[in-house]
Amino acid sequence: MKTFPKPLTAGEEREYLGRLKDGDQRARDVLIERNMRLVAHVVKKYQGTDYDTEDLLSVGTIGLIKAVNTFKMEKGSRLATYAAKCVENEILMLLRASRKFSREVSLFEPIGVDKDGESVSLVDVIEAEGKEALEGIILDQDVKELYEAYETCLKENEKQVISLRYGLFGKKEHTQREIAEVLGISRSYVSRIEKKAIEKLRSEFERGNVP
């Protein structure tokens, strides 16, 4: 695989993002060029498919360009974190279009949008810490599959904790402390149950074992 320029430092990234916000299109080009190594890193996961590396790099670059064009610096996260999702999304759309990888599921795959019009992924749902992150999500088939995984791979106490914690099935969301009081157990035990359940859901989805 070809050699790409080194990634920008956090300070350089802020500088170029600021320039881009002011309309400097050269800054946009730099942000794309200096994040190509990220695209190559994501592409490695999908080598061995019916598409060669150059095709995957081209498609991944489209995702990177979209990321640079839509990234909002004020959100506080690094561009690379956001771009990795966008790059993988583009590659997965290509693979799914071929219908040979229809079960290829990624935690970064978009499932809808939130109230601000931002893309929401499965990992956002699974790891969301509060109501705001879940408001306005448009559920689609992938979310239905997530619920199916919830039903098939979790124990009853894990279902109860996850359901209460994240407000599943229309229920109110609760803090770990509130759940502990309801179930008559310690908050730390609730935390352990929640962590184990999330890992089960994550593993089930990554393996594509959802019925």
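Modeller: Let us begin with a charge over a ring, a term used if NZ of Lys or CZ of Arg is within 6 Å of the ring centre and within 35 degrees of the ring normal. This is a predicted model, in which local features need pLDDT of at least 70 and side-chain atom pairs count only at pLDDT 80 or more, while totals for chains, interfaces and linings use all residues. Residues are numbered from 1 along each chain as its sequence is written, and side-chain values use heavy atoms, with hydrogens and water left out.

Biologist: What makes the charged end of Arg-19 one that sits over the ring of Tyr-16?

Modeller: The charged end of Arg-19 is 4.9 Å from the centre of the Tyr-16 ring and is found to sit over that ring.

Biologist: Why is the pair of Phe-71 and Tyr-82 called tilted?

Modeller: A search of the whole structure finds 1 aromatic pair. The ring centres of Phe-71 and Tyr-82 are 5.7 Å apart and their planes stand at 45°, so the pair is tilted; rings of Phe, Tyr and Trp (its six-membered ring) pair if their centres lie within 6.5 Å, with planes under 30 degrees apart counted as stacked, over 60 as edge-to-face and the rest as tilted. Phe-71 is in the loop between helix H4 (53–70) and helix H5 (79–97), whereas Tyr-82 is in helix H5, 11 residues apart; helices are DSSP runs (H or I, at least four residues), numbered from the N terminus.

Biologist: How do you know whether Phe-71 is buried or exposed?

Modeller: Buried means under 20% relative accessible area, exposed over 50%, and partly exposed in between (1.4 Å probe, protein chains only). Phe-71 has 12%, so Phe-71 is buried, whereas Tyr-82, with 23%, is partly exposed.

Biologist: Why are H1 and H2 called oblique?

Modeller: Helix H1 (residues 10–21) and H2 pack at an angle of about 140°, with their axes 7 Å apart; axes are lines fitted to C-alpha atoms, for helices over the stretch in contact, and angles run from 0 to 180 degrees between N-to-C directions. Angles under 35 degrees count as roughly parallel, over 145 as roughly antiparallel, 65 to 115 as roughly perpendicular and the rest as oblique, and H1 and H2 are therefore oblique.

Biologist: What makes Glu-158 buried?

Modeller: Glu-158, found in helix H8 (residues 156–166), has a relative accessible area of 3% and is therefore buried. Ile-193, in helix H10 (residues 187–207), is buried as well, with 6%.

Terms used:
Helices (H or I, at least four residues) and strands (E, at least two) are DSSP runs, numbered from the N terminus.
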